[in-house]
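Morning, everyone. Let me put the structure up, and then we'll walk through it one chain at a time.

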Amino acid sequence: MITAADCTAGAVSAEERFRYLLRLADTSLVLGQRLSGWVGHAPTLEEDLALGNITLDLIGQARLLLAYAGQVEGRGRDEDQLAFLRDAPEFFNVTLAEQPNGDFGQTIVRQALLDAWQVELYHSLIGSTDEQLANIAAKAMKECRYHWRFSCGWLVRLGDGTEESHARVQAALDGLWRFTGELLTPDALDAHMASHGIAPPLAVIRSRWEARVTAALEEATLRQPPPAYFPWLGKRGVHSEHLGQLLTEMQHLQRLHPGATW
Amino acid sequence: MVEAPRASGAQPLVRRVWQALETVMDPEIPVVSIVELGIVRHVGLREDGRVHVGITPTYSGCPATEWIHRSIREALFGQGLAGVVLETVLWPAWTTEWLSEEGRRKLEAYGIAVERTPSGQIACPRCASQAVERLSEFGSTPCKAHYRCSACLEPFDTFKCI
C-alpha cells in the first residue's frame with residue numbers, strides 16, 4: 001500500500017500513476033459490471049436499454065483507462081489481463097461502486113451519487129497535465145453527464161413519486177450515504193496527484209459534488225443524511241464483502257481457463 | 001460541421017485509402033459510411049512505410065468499434081494494402097457535429113433523426129414535424145435515443161448529441 005511517506009515529495013512514479021489510473025478504471029469497470037446485472041431484468045424495456053447502454057459506456061471507459069494503465073505500468077499487461085487476472089485486494093475502485101443493485105431505486109441512488117462524482121472528476125481531469133488521461137476524461141465526461149441526466153431524472157421521479165417509491169429511495173440513500181465520504185476525502189495518493197496537476201484536489205470535487213447532489217435531493221424531496229464518517233478504503237484495495245463475489249462471477253471464465261481467448 | 005482533413009491534393013495512395021474507407025459502412029446503420037459518420041480522423045503514409053488510419057470511437061464502449069476496425073482492414077486489403085496501422089484518436093471527442101451533411105441526409109432518409117445540439121430541436125424523419133416527445137434517453141445502440149412524433153405518431157431513433 002502506498003503510504004504518505006512514499007509520496008510526499010518528488011516526481012510521480014510510474015507505480016503511483018498506475019495506482020491512480022486503476023482507481024478511475026476499476027470504479028467504471030465494477031459499476032459497469034454491477035449495472036449489467038439488470039440486462040433482461042429492468043422494470044421496463046426502456047430502462048433495460050438505458051442501463052445496458054450505461055454499462056457499455058462504463059466498460060468502454062474502463063477499457064481505455066486500463067489499457068493506458070497497463071502502458072504506464074510497463075509490465076506488458078493489457079486491459080483484459082488487468083480486468084480479469086487481478087483479485088479483490090488489487091482492485092482500487094471506490095467501495096460505493098461495488099454495492100449490490102438492490103431494487104431499482106437503490107441502483108438509481110448508487111448511480112446518481114457516482115454519476116455526479118464522475119461528471120465533476122472527469123470535467124476537472126480534462127485539464128490534467130497527463131495528456132492521455134485528459135483525452136480519456138474529455139470523452140468520459142460527456143458520457144457521464146448524460147448518465148447523470150438519466151439517474152438524476154429517476155431520482156427526482158422516484159423521490160417525488162408515490163409514498164412507496166419515496167420510502168424506497170430514501171432507505172437506499174440512508175444505506176449508501178456512508179460510502180460517499182470515500183469519494184470526497186483525499187488520501188496521500190490523491191493529494192500527490194493533485195500536487196502535480198494530474199488530478200484535481202478532492203476539496204474542489206467535494207464542493208461541486210455537494211452542490212449537484214444537494215440540489216437533486218431537494219428536488220426529489222429526499223432528506224440528506226448527516227455527513228458520512230470515512231472508514232471505507234476501496235480505493236486502497238480494502239473492500240466490502242461484495243467485491244469478491246462480483247469478481248468471482250466476472251472473472252469466472254478466466255479463472256477456469258487462464259489465458260483463454262476467442 | 002467539423003471538417004476532417006481530406007484528401008484533395010494528397011498523394012494518390014492516401015486518396016485511394018480515403019476512397020476505400022468511403023465504402024466501409026457503419027455495421028449498425030448500413031446507409032452511412034464511416035467517413036460520413038465522421039469517425040475517420042486522419043490517413044497518412046508515415047516514415048515506417050505503412051499507411052496509418054486514425055479512428056475515433058463514437059462512444060467509449062461502442063461494440064461496433066472492433067467490427068469497424070476489421071471492416072477497414074478488409075476494405076484496404078481489397079485494395080492491395082496490407083499492414084495498415086489503425087490508431088485510436090480520442091481528442092477531440094466525437095459529437096454529431098462530425099457527421100457530414102451527406103451523412104445527416106442519409107440518416108434522416110433512413111428514419112434516424114439527428115440532434116444537432118444537446119437538447120436541441122429534433123424533427124420527425126417521417127413527417128418533419130417538430131412536435132416530438134422523448135420516450136427514452138437511450139436506444140438500440142449507444143449513439144441513439146428513442147423518440148416519438150406527436151403529429152404522425154411514428155416512433156423513431158435519434159442520433160443523440162452529448
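A definition before we start: axes here are lines fitted to C-alpha atoms, for helices over the stretch in contact, and angles run from 0 to 180 degrees between N-to-C directions. Keep in mind that this is a predicted model.

Chain A, then. Look at helix α2, residues 45-73, and helix α5, residues 131-159, both in chain A. Their axes come within 11 Å. The crossing angle is roughly 165°. Angles over 145 degrees count as roughly antiparallel, so α2(A) is roughly antiparallel to α5(A). And the hand? α2(A) passes α5(A) in a left-handed crossing.

Which residues of α2(A) and α5(A) meet? From α2(A), we have Ala50(A), Ile54(A), Asp57(A), Gln61(A), Leu64(A), Leu65(A) and Tyr68(A). Facing them from α5(A) are Gln132(A), Ile136(A), Ala140(A), Glu143(A), His147(A) and Phe150(A). Sort the residues of this contact by type, and you get 8 nonpolar, 3 polar and 2 charged.

Now chain B. Its sheet is open, with 3 strands in the order β1-β2-β3. The pairing is mixed. Why do β1 and β3 of chain B each have one side without a neighbour in the sheet? They stand at the edges, so each has a single partner strand. From one strand to the next, the twist averages 20°.

Zoom in on β2(B), residues 51-55, and β3(B), residues 85-88. These two run parallel, joined by 4 bridges. Gly54(B) stands opposite Glu87(B) in β3(B). How does the chain get from β2(B) to β3(B)? It goes through helix α3 of chain B, residues 64-78. This β-α-β crossover is right-handed.

α1(B), residues 12-21, lies across β1 and β2 of chain B. α1(B) runs at about 145° to β1(B).

Last item: the contact between the chains. Chain A puts in 21 residues, and chain B puts in 16 residues.

Over to you for questions.

Terms used. Residues numbered from 1 in each chain as written. Chains lettered and ligands numbered in written order. Predicted model: local features only at pLDDT ≥ 70, side-chain atom pairs only at ≥ 80, totals over all residues. Parallel < 35°, antiparallel > 145°, perpendicular 65-115°, else oblique. Left-handed = near helix turned anticlockwise from the far one by under 90°. Contact = placed C-beta atoms within 7 Å. Nonpolar A, V, L, I, M, F, W, Y, C, P; charged D, E, K, R; others polar. Pairing = 2+ DSSP bridges. Right-handed = clockwise from strand over helix to strand, strands pointing away.
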